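Subject: Structure handover

Hello,

The structure you asked for is below. My notes on what was found in it follow.

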Amino acid sequence: MVSVLHDLARDTYEMFRPPKLLNVSDWADENRILVSESSSEPGRWRTDRAPYQREIMNSFTQPNISTIVIMASAQTGKTEAELNMMGRAIDVDPGPMLFIQPTDGFAEDFSKRRVAPMIRACPALQRKVYEAKSRDAGNTITMKTFPGGSVSFTGANSPTELAGRPVRYVFMDEIDRFPASAGTEGDPLELAERRTETFRHNRKVVMTSTPTIKGASKIERAYMTGTQEEWHTQCPHCQQFQYIRFVDIRFDKEEYKDGNGEKNYHVRNVRWRCPKCEAETGEFDTKRCPAKWVAKNPRAVEAGIRSFRLNAFMSPWSDWTDICRKFLRGKDDPEQLKTFYNTILGETWEIRDRSGTPEKLFARREHYNAEVPSGVLVLTCGIDTQGNRLEYEVVGWDREEQSWGILRGMIFGRADAEGTWEEVDDLLDREFTMKNGMKMRISATFMDSGGNYYEQVVKQCARRNQRGKKIWAIKGDDGQDRPLVRMMKRDSTGDGSAKFIIGVDGGKEAIMYSTTLTEPGPRYMHFPIDYDKGYDEEYFRGLCSEKAVIHRRGGKATVRWEKFYERNEPLDMRNYARAAYKYFRWNFDKLEHVLSSKGKTEPITRAQAEKRKFNPVISRGIQI
Ligand SMILES: [Zn+2]
């Protein structure tokens, strides 16, 4: 009797149950067409192409899951998975949506390059999303409407958009690149989540990013609050499931110098070594092994948060040989290594205290065999602009970023006084003597234009640049993930010469790393002991004056460089001189050839060198 009632209840339930809704992977397999303008593999979408996407996408329709976090390397298809979630929502279960990118510019670009082609190629969506017409306010780049809802594309820097109407779906892309605050309104993640409150019972918040700095990464923090699912591959030898980590990747390498004289590598025979049984499997076979998601924190399902972590190794679009080559090329450079960790391994980068002690650096100053000692191939200069003086450092470099401090000094006077600039000219014209008697001048100077003298510095540098003096105005830009050097748009001063923006944080980290090296070789720093070269104790305290500090406030963390010694000019000057060295592509082979006087009894004179059309650089973007 009980069992009959039970069956009756079940039948009644079956009868009134809402029709089964397609999950995201089925929807995508049925409806999604990839087009060549936005995909390298045009044609019908196949979830089987990258099977890890299935579970991620289908968590979107899983009851009681409100938040999906994807921490992944580049090239894993995480954005496509997000687009499928959005497409399925528009088609099957519509509601108001918000798609947030780090900035408004990114948002517009994303809408144009990724979303519009998807809608055009996909009949199910094209029917629903109203055709864009010039006078149709319902459909623009930043807003698409459809029956039952609309989707706005906005930047995390836009407080008005983030604090608008209630929304049911929020997609947030590359959240580690979001600003700490949207205008003065506060954390963009919180603002966006607050907008979903009216839809508490069926809202979906999706966030993705490649991670950045350990302890400050937003995606890492979100990942830790969720189920922490990792994609594990079954070892064909011992049948155990493992997350493929870079430490378990083995390869053979051979070093060589490329056409520009830069170190490069041939990489062969890349394979995965199972950490359990130590048997090795090649890339092709590993990628075809069974694999599954394994949750480290399954109880987070109760809180409605599923989080996924992926690196590039199981992506069908990755190439292990290429990954290993990227690692080898970047391993000695903290900036490149950080990018490798973040974008290839999908892991955060840990800041360690990398500064050497000023006392040790002071104590190891050395006697050079000439004003410009053997080994130096090129000189650059960094000038820091202060209210009443300029501070400069001339630095010598070899091809592997080994450096020699040559001269550190000050020019007293304001940057708007002609007298000050006469002394700058003396510095730029100065000839430094090498061991073989040849003279060397500074090949590139970066001068800080921050502070009160911006226009004067820009104008004076441009004027000198036109006379071939190779000095450029620069502006420092702090914040993680800034490129080391980028050219500014020609601005209103209209002098036609280039100005540069320097990503100072990356440079500082690289310099701090160099100060810890104790053996001469790549990236090692040499300093002269002669008193008149200016490398006194004060200089070394200034060079090691800042530390990367992770700040937390209300659970949020950001990385900032902080001074713990007030006079940090030596660090700034070195940073600018290094940026000048790193920006231009130097013709090291030619430099080496011209500068060495091997096999000659007579030293080469500067006139002779000039006769040989001595051109130290291969120009890069600008005339030098
Ligand atoms: Zn095994």
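A term needed first: buried means under 20% relative accessible area, exposed means over 50%, and partly exposed lies in between, with a 1.4 Å probe and protein chains only. This is a predicted model, in which local features need pLDDT of at least 70 and side-chain atom pairs count only at pLDDT 80 or more, while totals for chains, interfaces and linings use all residues. Residues are numbered from 1 along each chain as its sequence is written, and side-chain values use heavy atoms, leaving out hydrogens and water.

Zinc site

Cys-235, Cys-238, Cys-274 and Cys-277 coordinate the zinc ion through their SG atoms at 2.3 to 2.4 Å. Donors here are N, O and S atoms within 2.8 Å of the metal (3.2 Å for Na, K and Ca); water is not among the atoms, so sites may look incomplete. The spacing of the donor residues in sequence is C-x2-C-x35-C-x2-C. The arrangement is tetrahedral because the four donor atoms subtend angles of 107 to 114° around the zinc ion; for four donors the rule asks that all angles lie between 85 and 135 degrees. The ideal angle for four tetrahedral donors is 109.5 degrees.

Cys-274 has a relative accessible area of 0%, so this residue is buried. Cys-238, at 24%, counts as partly exposed, and Cys-277, at 33%, is also partly exposed.

Other cysteines

Cys-461 counts as buried because its relative accessibility is 2%. The disulfide count is zero, where a disulfide is a pair of cysteine sulfur atoms within 2.5 Å.

Cores

A nonpolar core is a set of buried Ala, Val, Leu, Ile, Met, Phe, Trp, Tyr and Cys residues joined through side-chain atoms within 4.5 Å. The largest has 60 residues, and Phe-60, Met-86, Met-97, Phe-153, Phe-171, Ile-249 and Phe-313 have the most contacts inside it. Helix H4 (residues 78-92) gives this core its largest share, six residues. A second, separate core has 57 residues, including Leu-379, Trp-421, Val-424 and Met-447.

Leaving aside neighbours within four places in sequence, Phe-60 is in contact (heavy atoms within 4.5 Å) with residues including Val-24, Ile-68, Met-85, Tyr-169 and Phe-171.

Whole chain

The chain has 20 helices and 29 strands; these are DSSP runs numbered from the N terminus, with helices (H or I) of at least four residues and strands (E) of at least two. Of its 624 residues, 51% count as buried. Among contacts between residues at least 6 apart in sequence, 70% join residues at least 24 apart.

Regards

Note on methods: Four donors count as tetrahedral if all angles lie between 85 and 135 degrees; four count as square planar and six as octahedral if opposite donors are over 155 degrees apart and all others between 65 and 115; anything else is irregular.
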